[in-house]
Amino acid sequence: METRERVRIFDTTLRDGEQAPGCSMHLDEKLRIARMLERLGVDVVEAGFPIASDGDYRAVSAIARECRSVSVAALCRTAAGDVVRAAEALESAARPRIHTFIATSDLHLEAKLGKSRAQVLEAAAAAVELARTYVDDVEFSAEDATRSDVDYLCDVLSAAADAGATVLNVPDTVGYSTPAEYGELIRTVIDRVVRGRAITVSTHCHNDLGLAVANSLAALLAGARQVECTINGIGERAGNAALEEIVAALNVRRDRLPFESSVDATQIYAASCLVAEAVGFGVQPNKAIVGRNAFAHEAGIHQHGVIKNPLCYEILTPESVGVPSNAIVLGKHSGRHALALRYSELGFTIATAELDRVYRRFTALADRKKRVFDQDLISILAADRDGSSRAPVGVSA
Ligand code: MN
């Protein structure tokens, strides 16, 4: 019987994702996304950075109250006040995790923190120790780990582990690493720091060179067992590793990636739509897994092949990631039933009164466009729920 090791999915859409330009979200949007993430089956929801703002504090504490089946993580720097604020925000969580971080690269130490290596090591250990007085589950991140001196990085991670960290994260904060290099670093941390202890090593990869997912997968093969990622890959700058791509890769390449996650892949498209609606923009059309063209075939030879057998050009089916069938094309001749059906396929429940209003917006848009795409429907719904006159974005035009 095949053995598949369990990989934990740590979603940071609501923290790193929200830090992306133009991606700030309201409390009700964050709650809606947190519920969706719970339904999706992620292991950890990083809900925010409580010391950063009162809004973040409220969001973390509301999500902690409501989401009972997932771990809820709150981010904090190593300062005692930060740790305490995170602990307070998590007070009512069923499975609280404090996630504390400090940079370990000399560049960050000198240019940003103005601290010596000894001071940073001390701060890391003290923060983890303090966090452990509040919760049993403490994650430590060595910011800019991939540009840190490896010996020093291992010293800091060891100090965090000795202080009681349950998860050690090795972030590629600036998306600088390559897959082989990152895998090697993860292996070094496991050999030199973990040394058989019950500590999970985690990846956190950014996409500045388009390598976030490749680096994350290399880390899993090297022994990491938690992946930090976001829906639609949103996040600082070029974004984080995309959750949907990681989960799809694990499902499609079971031969090469002998891991399993608890994510229900059929909820992926609905989650993608919900996040697009909350941040106000969708993914590029050619985005893997959730882009409008991800399952589209235009070239004649490809169409012929796909009609004969989808396997000719599709390595996964649209249904496997929850992409609705395109049998129903929505345009100005479409009725309310088709519209309501498509919304429910996209993961939205719509009351009758709302459907009337949304339908009016839909027909107005359909008069101007030949075809209305899922992304347009999400914009229409967002405009209605805002109660504003925000015009449908129509990004799919
Ligand atoms: Mn990050």
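**Salt bridges and a manganese site**

Arg97 counts as buried, at 5% relative accessibility; buried means under 20% relative accessible area, exposed over 50%, and partly exposed in between, with a 1.4 Å probe and protein chains only. This is a predicted model, in which local features need pLDDT of at least 70 and side-chain atom pairs count only at pLDDT 80 or more, while totals for chains, interfaces and linings use all residues. Residues are numbered from 1 along each chain as its sequence is written, and side-chain values use heavy atoms, with hydrogens and water left out.

Arg97 forms a salt bridge with Glu139, 2.8 Å from N to O. The term requires a side-chain nitrogen of Lys or Arg within 4 Å of a carboxyl oxygen of Asp or Glu. Arg97 sits in strand 5 and Glu139 in strand 6, 42 residues apart. Strands (E, at least two residues) and helices (H or I, at least four) are DSSP runs, numbered from the N terminus. Glu139 is buried too, at 0%.

The count comes to 30 salt bridges. Another one of them joins Asp43 and Arg6 at 2.7 Å, N to O. Asp43 is buried at 13%, whereas Arg6 is partly exposed at 34%.

Now the metal. Which residues coordinate the manganese ion? Asp16 (OD), His204 (NE2) and His206 (NE2) do, at 2.0 to 2.3 Å. Donors are N, O and S atoms within 2.8 Å of the metal (3.2 Å for Na, K and Ca); water is not among the atoms, so sites may look incomplete. Asp16 lies in helix 1 and His204 in strand 8, so the pair ties together parts 188 residues apart in sequence. Asp16 is buried at 2%, and His204 at 6%.
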